[in-house]
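I opened my notebook for a friendly look through this model. Here is what I looked up, entry by entry.

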Amino acid sequence: MNITYSLIGVIGTLVVAFIVSLLLPGIERKFIHARIQQRVGPPITSPGVMAPLKFFFKQTIDPNSPMPKLYNALPLISLIVVLILLVILIPEMYFLGAFASVIAIIGFLKVEEIMYMFMGSLSKSVLSVRMPFPDMAKGAKHPETPRTFVEELSALRAFRLIAFGSFPIYIALFVSVAVTGSIYLSDIVAYQQQNGPILFTVAGILGAVVFFIGYMILLNEYPFAILKTKADVIEGPYLEYAAKYRSYVYLTRGFLMFVLASLFATLFLGIAPNILNPSFIITLVVALLFPMLMAVMSAFSPIFTYKQFYPTVAAVSILGVLAIVAAFL
Amino acid sequence: MDDDKEKQTVIEAEIPMGTVHPAALEPYRVRLFVEDEIVRDAEITVGVNHRGVERIMEGLPVEKANSLTEKICGICSNSHIWNSCLVAEKALDIEVPERAQYIRIIMEEMERLHSHFLYLAHGNEVLGHETFAMRLFYIRETVMDLLGMIGGNRVQYGAPILGGVRPRCELDDKRIQKLKDGMDLMEERLAAFADRFVSDPMVMSRITDVGVISQKDALRLACTGPTLRATGVESDLRTEMKEYDPFEFDVITQDGGDVKAQLLTRVFENLESIKIIRQAIRDLPDGPITNRSWEMKDTPLTKSYIEVPRGTLYHSYALEDGRVRHCVIRTPSMANIGAMQHACIGHHITDAQLSIVQCDPCFTCTDRAIQIIKI
């Protein structure tokens, strides 16, 4: 009975998460971006449901990559990593011990981030192809200069994101650890059920702000979208994904939006995602609120270059450190 | 010595962008030579959309040739046909009725309005601020509708003809009232946008001291139009055009020569254009709008320069048996290409497109009109 109950909990949560995550990009674009920009916007199902569905039936075009199979496999690996992230958040999986801990979550998020680096470095799109004239002709400017691809540039940026950009979200994860004194999700949830949500403490409020900025950076959303800037690297690591592989990219992003919101609900509200728990509705509300807030922020800001990105990340990281200090006080 | 200097410039990699790139509205090619994402040198190549309009115009009857010039550019179509008409009118001594001159000015200034709004919207889109871009397109709709109302078409309105303007473009009381209302609405919305724009710290951080073109460089690189005025040079051909004599307006200049100065120059120029249109509506003289009493004759090469939204536009041709000969057209973007390349240098690669866009390029019309000379 217990096993059946747990299975229903895990599978049911995954199914609901999947359905909600399909609608999140549509909600973001239709109800927030379009309303702010005084336009009709796309149908709510268009970005999250219909676009991936359409891409599934498109002809697959082989990418211009040194390792095309690996390149094409990366979005699927990303999707699996995000799925695992959600699975370990579900209380029924807390028996996994160290796998259901903040350290494991950080590890899986790092894998997700590293994927962008691989994607970028394995892609060589036609957009950066050199022309025989005038690039290499006699009299051309700097004819011997080695050429680089816009995707390689995005891989370099992904590296910087791993090294620096993702500080806020990892610091925010440790706010809960500092408050509860445990890295295990089960302890963090149990602590909040006894003492109330961490969100309603000074450390929690600061941590939530830092987590939200980290959430936007991890999702490469404006203004922090340094990986896929239309002005230079365009789609960046995703540039050459076509057909079902692009579909996986869309599905992963929607799912990551839901998973990160669930992570916030777990760490800052003490509500782990479980369909059999009535408070799962709060997880859904958080999952809806986060993309909405993100859409409002992105609609009112230009895209950042390093000049704005580094100081912002540094300031938010300092705020995160203050949150941890406040947790100890 | 020069070789030694060149060797000292460290260029790690080249990033070719285009001829097709999502950030570029038109087909052109940029080669960015970078060192750790900082642009050390840049090269812009145009010519991929060459249609040889000048060659097609050769041998056409002048009226047909004039109509063809309108197809050079979708944004400043009126400027081309107006300047082309001015060449023939100057050559054939055709006197244009005063009322027609006023209507031509109204159309030209409305074109400046919509061109500058498009420029501002595109600039914001490249900045990544889609909301501002959408807002500007929304404000622009008013002028597009007014152009459609007068010319019968929102883009290619073809108002000027030899000796005046088309009968379709006559302004009756109803149209004049709509123009007045439209100007009031646009002025109010533009002022509100400008307030919001300059008070946004994130936007200001992105555009201040980015893509800087100094006054000295702007003059050295022979920049023209608002691109030159944004560096502090008071240069506007409208002050020398007799068609603009009845109107009072200020030549807008900005200091700095950065993206902020370029964008603000266009914002304030739009307010000046609204001022000119209001004066034209207020003082619109009565009378005919076309002078048909002129005779065709052979003429030598005649030149005409006018100030269009992007700068100085040059048209010249001779007439032989009523047909166009030796046609040459030079669009303002041609003069600004040097500045675009220069503006990218020393800035982050993400700002490269912005540095190019700040000069308001219209490469497609440059390509169409450019004359290929065999060496």
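Which residue stands opposite Ile306(B) in E7(B)? I looked it up and found Leu313(B) there. I note here that the model is predicted.

**Entry on the strands.** I then traced the two elements around that pair. Strand E6 of chain B covers residues 299-308, and strand E7 of chain B covers residues 311-320. I found them paired in the antiparallel sense, over 8 bridges. With 2 residues between them, E6(B) and E7(B) form a hairpin.

**Entry on the core.** Next I looked up the largest nonpolar core, and it has 204 residues. I listed the residues with the most contacts inside it: Phe258(A), Val259(A), Leu260(A), Ala261(A) and Phe264(A) from chain A, and Leu32(B) and Ile103(B) from chain B. Which helix gives the most to this core? I found helix H10 of chain A, residues 243-269, which contributes 18 residues.

**Entry on the contact between chains.** How many residues does the contact take from chain A and from chain B? I noted 33 residues from chain A and 32 residues from chain B. On the side of chain A that touches chain B, helix H5 (132-135), helix H6 (150-165) and helix H12 (306-328) each supply at least two residues. The largest share of that side, 3 residues, comes from H12(A). I also sorted this side of chain A by class, and got 15 nonpolar, 10 polar and 8 charged residues.

Notes: Residues are numbered from 1 along each chain as its sequence is written. Chains are lettered from A and ligands numbered from 1 in the order in which they are written. This is a predicted model: local features need pLDDT of at least 70, side-chain atom pairs count only at pLDDT 80 or more; totals for chains, interfaces and linings use all residues. Two residues are in contact if their C-beta atoms, placed from the backbone, lie within 7 Å. Helices (H or I, at least four residues) and strands (E, at least two) are DSSP runs, numbered from the N terminus. Ala, Val, Leu, Ile, Met, Phe, Trp, Tyr, Cys and Pro count as nonpolar, Asp, Glu, Lys and Arg as charged, and the others, Gly among them, as polar. Two strands pair if DSSP finds at least two bridges between them. A nonpolar core is a set of buried Ala, Val, Leu, Ile, Met, Phe, Trp, Tyr and Cys residues joined through C-beta atoms within 7 Å. A residue is buried if 20 or more other C-beta atoms lie within 10 Å of its own, exposed if 12 or fewer, and partly exposed in between; C-beta atoms are placed from the backbone.
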